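Colleague: I am new to this structure and would like to learn how to read it. Please take the features in turn, with the general idea ahead of the case.

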Amino acid sequence: MKLADAIKRFIDFFYLKPISLLIPRQTFRYAVCGGGNLVLNWVLYFVVFHFILQKRNIDLGFYLISSHIATLCIVFVITFFTGFWLNRNVAFSGSPLRTFNQLFRYAISVAGSFVISYLLMKLFVEWCGFYPTPSNILTSLLCTIYSYTMGKFFSFRGAEND
């Protein structure tokens, strides 16, 4: 059994009434996969910000990157690939689009999420004075609706509920 099939079976085990009456299986799978990737993002953000970068800014010599933005960039690289794999193989596995097309479209949609995240992190941390980790959590929650819409109707368009 492939890992994706095992994950689907695990998720589907919890797809019971009344949930199954309210939302389609594909949306439920997306929510669980997205939720898992979101929690991974939060944990990685906390670890990278506090223990790896130790809240220090990154000086590239020609540009100074604040620690909360550097952490956002580092974590983005990891969660980009885990999110794509989960979406492609678990949530939207029935998409007729080729893998390269899915990856390209996913990259475009995630770039939009990244820009939104960047702007919101700048707003919350630098202008409003909120702490970076809670700001990241709030930012990612606000990006969820955008991400689902882009995944369903653009990146993995045509995926059937299986």
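Modeller: Start with accessibility: a residue is buried under 20% relative accessible area, exposed over 50%, and partly exposed in between, using a 1.4 Å probe and protein chains only. Gln54 has a relative accessible area of 44%, so Gln54 counts as partly exposed. In the protein chain, 40% of the 162 residues count as buried.

Colleague: What kind of model is this, and how are residues numbered?

Modeller: This is a predicted model, in which local features need pLDDT of at least 70 and side-chain atom pairs count only at pLDDT 80 or more, while totals for chains, interfaces and linings use all residues. Residues are numbered from 1 along each chain as its sequence is written, and side-chain values use heavy atoms, with hydrogens and water left out.

Colleague: What does the pLDDT average for the protein chain?

Modeller: pLDDT is the predictor's confidence in each residue, from 0 to 100. Where pLDDT is low, the predicted coordinates should not be read in detail. Here the protein chain averages 91, and 97% of the residues score at least 70.

Colleague: How many helices and strands does the protein chain have?

Modeller: Helices (H or I, at least four residues) and strands (E, at least two) are DSSP runs, numbered from the N terminus. The protein chain has 6 helices and 2 strands. Their pattern along the sequence is α-α-α-β-β-α-α-α. The C-alpha trace spans about 50 × 35 × 30 Å along its principal axes.

Colleague: What share of the contacts joins residues at least 24 apart?

Modeller: A contact means heavy atoms within 4.5 Å. Among contacts between residues at least 6 apart in sequence, 67% join residues at least 24 apart. Leaving out residues up to four places away in sequence, Thr133 touches Tyr45, Phe46, Phe49 and His50. Thr133 counts as buried because its relative accessibility is 15%. Pro134, also placed in helix α6, has a relative accessible area of 47% and is therefore partly exposed.

Colleague: What is the volume of the largest pocket, and which residues are closest to its centre?

Modeller: Rolling a probe the size of a water molecule over the atoms shows where empty space is left. The search uses a 1 Å grid over the protein atoms alone and a 1.4 Å probe; a pocket is an open set of points with protein on both sides within 12 Å along at least five of seven lines, and lining residues have an atom within 4 Å of a point. Grid points are joined across faces, edges and corners, and a volume is the space filled by probe spheres set on the points. The largest pocket has a volume of about 640 Å³. It is lined by 33 residues, of which Asn37, Leu38, Tyr106, Ser113 and Ser147 are the closest to its centre.

Colleague: Which helix gives the largest share of the lining?

Modeller: That is α3, with 9 residues. Each of α3 (25-52), α4 (67-91), α5 (99-127) and α6 supplies at least two lining residues. By type, the lining has 16 nonpolar, 17 polar and no charged residues. Here Ala, Val, Leu, Ile, Met, Phe, Trp, Tyr, Cys and Pro count as nonpolar, Asp, Glu, Lys and Arg as charged, and the others, Gly among them, as polar.

Colleague: How many disulfides are there?

Modeller: A disulfide is a pair of cysteine sulfur atoms within 2.5 Å. By this rule the count is 0. Cys33 is in no disulfide, and its nearest cysteine sulfur, that of Cys143, is 18 Å away. Cys33 has 5% relative accessibility and so counts as buried. Cys128 is in no disulfide either, with the sulfur of Cys143 nearest at 16 Å. At 41% relative accessibility, Cys128 is partly exposed.

Colleague: Which peptide bond is cis, and where is phi positive in a residue other than glycine?

Modeller: Most residues other than glycine have a negative phi, and most peptide bonds are trans. The bond from Lys17 to Pro18 is cis, with omega near 5°. Pro18 sits in the loop between α1 and α2. Gln54 has a positive phi, near 50°, and lies in the loop between α3 and β1 (58-59). Lys55 is not a glycine, yet its phi is positive at about 65°; Lys55 is placed in the loop between α3 and β1.
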